[in-house]
Amino acid sequence: MTSEALEPGLDLPTRTEALESLLVERGLADAKTIETFIGIYETQVGPMNGAKVVARAWTDPDYRARLLADGTAAIAELGFKGPQGEHIVVLENTPQVHHVVVCTLCSCYPWPVLGLPPAWYKDSAYRSRVVREPRAVLAEWGTEVGAEVQVRVHDSSSEVRYLVLPERPAGTEDLSEEELAALVTRDNMVGVTKVAPPGARS
Amino acid sequence: MTAVLPELDIDGPAAPPRSNGELVFAEPWEGRAFGLVMALVDRGVLAYDAFRDALIARIAAWEAAPPPGECWSYYRCWLQALEEVLDQQALVVTGDVDARAATLAARPPGHDHRHHDHHGDGLHHH
């Protein structure tokens, strides 16, 4: 194929439909499977999976140890795995270190635990700036990281996807695992924000 | 495929807030393009690594020289990469996509909407 294909302004929905119809005709794909995958990634796979992993790690020290030793295996224990989530490394945020994740090449992302990447993750501005000036980017997210805290930026690849294990907020000692999971957002697990304490969010 | 993905709580206390979940696809075709790749990878028709390499190249090419007036679109690159890999493998050559797209674009008004019950409307081949 040449670069002439897909000229700017081309009708992308029609192009997609054309490709799908040809693949279906040739027995290479079927609409039901396509829709199943869309559904899986839109609704079943998503940040809630990652939040459950985080809440388990907060409440079960043995699980936390397994998670940090082998993220892929510990996440699979909870039943979360998928076609692109084979190698997940979990990074633990502490009072000394704050981790934040990016994919400078494309948009590698731990789909089975975080679902599809948000628009800003794929944005070239985020991808370039978070490497150059992570503290400035974090500040724009409203994330305060003290000067004494080390900020580490991790670049995903096809081999390694990262999931940030955020710090458990104060005042959550009495919460159940389910209640803790409800506090954890996707952005916390990419590392651009910290987990807000209960009642701090609208 | 679905066997490794459990049913999860969408509502209720176990489900974290959905303010978390902004729309993942800006338009329906982006979802179709995404699902298409996943389905092809699942069936072994498409090697994800080959697709990913093509996607990276497309994104890099766009960033190196953004066409004037064209907004950044991740899924445009995604679709281009998919077309490229399928063309290289001679599974669906670009000319076929061009021809089919032209046919679809020429449909009369009222036929250019997707309905699950009428998938491939006018294109029955069984």
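**Figure 1. Glu20(A) and Arg32(B), a buried pair.** In this predicted model, Glu20(A) and Arg32(B) are both buried. Their side chains meet in a salt bridge, with N to O at 2.7 Å. This pair crosses between chains: Glu20(A) sits in helix 1 of chain A, while Arg32(B) belongs to helix 1 of chain B. As background, side chains of opposite charge can pair when their charged atoms come close.

**Figure 2. Helix 1 of chain A meets helix 1 of chain B.** Two packed helices are described by the angle between their axes and the distance between the axes. As for handedness, helix 1 of chain A passes helix 1 of chain B in a left-handed crossing.

**Figure 3. Who touches whom between the two helices.** On the chain A side, look for Leu12(A), Pro13(A), Thr16(A), Leu19(A), Glu20(A) and Leu23(A) in helix 1. They meet Trp29(B), Arg32(B), Ala33(B), Leu36(B) and Leu40(B) from helix 1 of chain B. Sorted by class, this contact has eight nonpolar residues, one polar residue and two charged ones. Glu20(A) and Arg32(B), the salt-bridge partners from Figure 1, are among the residues listed here.

**Figure 4. Arg15(A) reaches across to Asp98(B).** The side chains of Arg15(A) and Asp98(B) meet in a salt bridge, 2.7 Å from N to O. Arg15(A) is in helix 1 of chain A and Asp98(B) is in helix 4 (residues 94-105) of chain B, so this pair joins two chains. Arg15(A) counts as buried because its relative accessibility is 3%. Asp98(B), on the other hand, has a relative accessible area of 37%, so it is partly exposed. There's a further member to spot: Arg15(A), Glu83(B) and Asp98(B) are linked in a network of salt bridges.

**Figure 5. Arg127(A) and Glu63(B), another link between the chains.** Arg127(A) forms a salt bridge with Glu63(B), and their closest N and O atoms are 2.6 Å apart. Helix 8 (residues 124-132) of chain A holds Arg127(A) and helix 2 (residues 48-64) of chain B holds Glu63(B), so this pair also joins two chains. Arg127(A) is buried, with a relative accessible area of 4%. For Glu63(B) the value is 34%, which means partly exposed. In the structure as a whole, a search over all chains finds 18 salt bridges.

**Figure 6. The two chains behind the close-ups.** Chain A has 11 helices and four strands. Of its 202 residues, 53% count as buried. Take the contacts in chain A between residues at least 6 apart in sequence, and 66% of them join residues at least 24 apart. Chain B has four helices and zero strands, and its pattern along the sequence reads α-α-α-α. Chain B has 126 residues, and buried ones make up 44% of them. Among its contacts between residues at least 6 apart in sequence, 51% join residues at least 24 apart.

Definitions and conventions: Residues numbered from 1 in each chain as written. Chains lettered and ligands numbered in written order. Predicted model: local features only at pLDDT ≥ 70, side-chain atom pairs only at ≥ 80, totals over all residues. Heavy atoms only, no water. Left-handed = near helix turned anticlockwise from the far one by under 90°. Contact = heavy atoms within 4.5 Å. Nonpolar A, V, L, I, M, F, W, Y, C, P; charged D, E, K, R; others polar. Salt bridge = Lys/Arg side-chain N within 4 Å of Asp/Glu carboxyl O. Buried < 20%, exposed > 50% of the residue type's maximum accessible area, 1.4 Å probe, protein only.
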